[in-house]
Amino acid sequence: MKAPAKSSGSSSPAASILKPSSGREPGAAGALALFSLLAEHDHEQVSVYHEPSCGYRGIIAIHSTVLGPALGGTRFWSYRTDEEALVDCLRLARGMTYKAAVAGLNLGGGKSVILGDNRTTRREALFRAHGRHVESLGGRYITAEDVGTSTSDMEYIKAETNHVTGLIGKSGDPSPVTAYGVYRGMKACVHYRSGSDRLTGKTVALQGCGSVGYHLAKLLHAEGAHIVCTDIDPQRVRRVVEECGATAVATSEIYDVRADIFAPCALGAVINDDTIRRLRVEIVAGGANNQLAEDRHGDLLEERHVTYAPDYVINGGGLINVNAELHGWSPERARNKAGEIYDTILRVFEIAREERIPSYQAADRLAEQRIATIAQVRRNHV
Ligand code: NAD
């Protein structure tokens with residue numbers, strides 16, 4: 001199994017495989033490319049479904065069901081090409097396998113995409129068609145919300161299948177659990193650097209005061225950390241300043257703040273060539289997805305002796321919350337499970353040290369080890 005690539009879209013090497021080579025009949029070349037694409041990262045299955053009556057066009061990718069049913073949200077997006085949609089779906093499904101594996105959950109990785117304009121108001125037929133698509137896989141794939149979809153869309157899906165989570169009135173907003181996991185992961189990073197995990201007196205540069213950022217700020221403040229924060233939304237900044245005694249800076253200045261920890265809780269790709277040379281911190285630990293613009297930026301952090309908590313490990317609380325809904329866990333149990341991110345982050349650093357690899361690679365190793373071990377156990381003890 002190869003680690004999830006950071007790049008996406010038609011510029012990725014995987015996408016180029018899809019392009020029919022000149023001189024060949026396009027249909028034949030496309031079919032051939034589809035299977036090489038699946039083989040490239042060991043995807044188990046791809047399902048494509050078209051419902052002309054409502055214009056539904058959807059793809060479900062199942063990367064792995066070794067640990068359990070493949071879970072991953074439904075993304076509703078207007079892709080430039082069908083190929084771009086497929087590659088995005090495959091890439092996201094693979095990422096879910098790794099995220100569930102390091103979170104210690106009995107879930108595999110999958111994802112689905114609906115191709116089209118997500119601002120449409122004609123949603124019922126579309127999402128019920130998607131629900132039927134999900135149902136046709138018999139529980140091998142479980143869906144949830146993602147970009148372009150909402151809890152009310154999940155209710156339409158629920159009318160056609162039980163293999164859906166993130167419903168109205170169920171597990172609810174995952175961000176408090178995510179923030180708690182980030183907080184625990186941050187403490188593990190501080191412990192790794194200094195031998196003590198106390199955040200009292202530490203300065204945290206917080207990028208993004210939204211759902212995760214706000215809940216994280218509350219936890220940091222309660223422990224006596226000083227917060228320097230930013231957001232493009234002044235009201236969100238004000239809330240953190242007033243409730244947590246934070247100092248506000250302009251969005252462009254957050255990378256230059258002298259702090260112990262930089263906590264990205266807004267956008268992806270914020271660790272890049274420009275920002276790495278500006279960061280004046282010992283630790284990068286935050287909730288945002290896809291923080292490294294490219295893998296090599298993880299190597300660059302390592303070279304600069306900056307401890308990086310791999311994003312998909314430290315922000316696993318959101319997935320833990322979804323898993324809690326699936327299995328009827330109490331909020332306390334979900335929170336305790338997110339608290340285990342502390343030990344997982346330390347294990348990642350241990351692997352990194354033992355194998356002399358950067359932490360982002362060590363996280364992949366940890367996920368792959370768990371999947372391989374469980375696959376072996378299941379083969380041996382039927
Ligand atoms: P959110 O939309 O509630 O908050 C994001 C905040 O970032 C907003 O307040 C927004 O104004 C701000 N922002 C946008 N651009 C900015 C910029 N250039 N500079 C500073 N601030 C900017 O989202 P969230 O749920 O808090 O999620 C934050 C990140 O964590 C995202 O990357 C998300 O994918 C990831 N994540 C969230 C969860 C969860 O449970 N919500 C779980 C896992 C990962």
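My entries below go from overall confidence to one helix and then to a strand pair.

**Confidence.** I started by reminding myself that this is a predicted model. I looked up the pLDDT: the chain averages 91, and 91% of the residues score at least 70. I then noted residues 5-31, where the pLDDT is below 50. That stretch still has 36 contacts in the model beyond near neighbours in sequence.

**Helix α8.** Next I went to α8, residues 234-244, and asked which of its residues are buried. I found Val237, Val240 and Cys244. They sit on the same side of α8, because they cover an arc of only 70 degrees around the axis. On the face turned away from the buried side I noted Pro234, Gln235 and Glu242, which are exposed.

**Ends of α8.** At the N-terminal end I found a cap from Asp233: one of its side-chain oxygens lies 2.9 Å from the backbone nitrogen of Gln235. Just after the helix, I saw that Gly245 has a positive phi of about 60 degrees.

**Strands β4 and β5.** Last, I looked at how β4 (74-77) and β5 (108-115) pair: they run parallel, joined by four bridges. The chain gets from β4 to β5 through helix α3 (82-102), in a right-handed β-α-β crossover. I also noted Trp77 standing opposite Leu115 of β5.

Definitions and conventions: Residues are numbered from 1 along each chain as its sequence is written. This is a predicted model: local features need pLDDT of at least 70, side-chain atom pairs count only at pLDDT 80 or more; totals for chains, interfaces and linings use all residues. Side-chain values use heavy atoms; hydrogens and water are left out. Buried means under 20% relative accessible area, exposed over 50%, partly exposed in between (1.4 Å probe, protein chains only). Helices (H or I, at least four residues) and strands (E, at least two) are DSSP runs, numbered from the N terminus. The arc is that of the directions from the helix axis to the C-beta atoms. A polar contact is a pair of N or O atoms within 3.5 Å; within protein, one must be able to donate a hydrogen and the other to accept it, and residues adjacent in sequence count only if both atoms are side-chain atoms. Two strands pair if DSSP finds at least two bridges between them. A crossover is right-handed if, with the strands pointing away from the viewer, the path from the first strand over the helix to the second runs clockwise. pLDDT is the predictor's confidence in each residue, from 0 to 100. Contact means heavy atoms within 4.5 Å.
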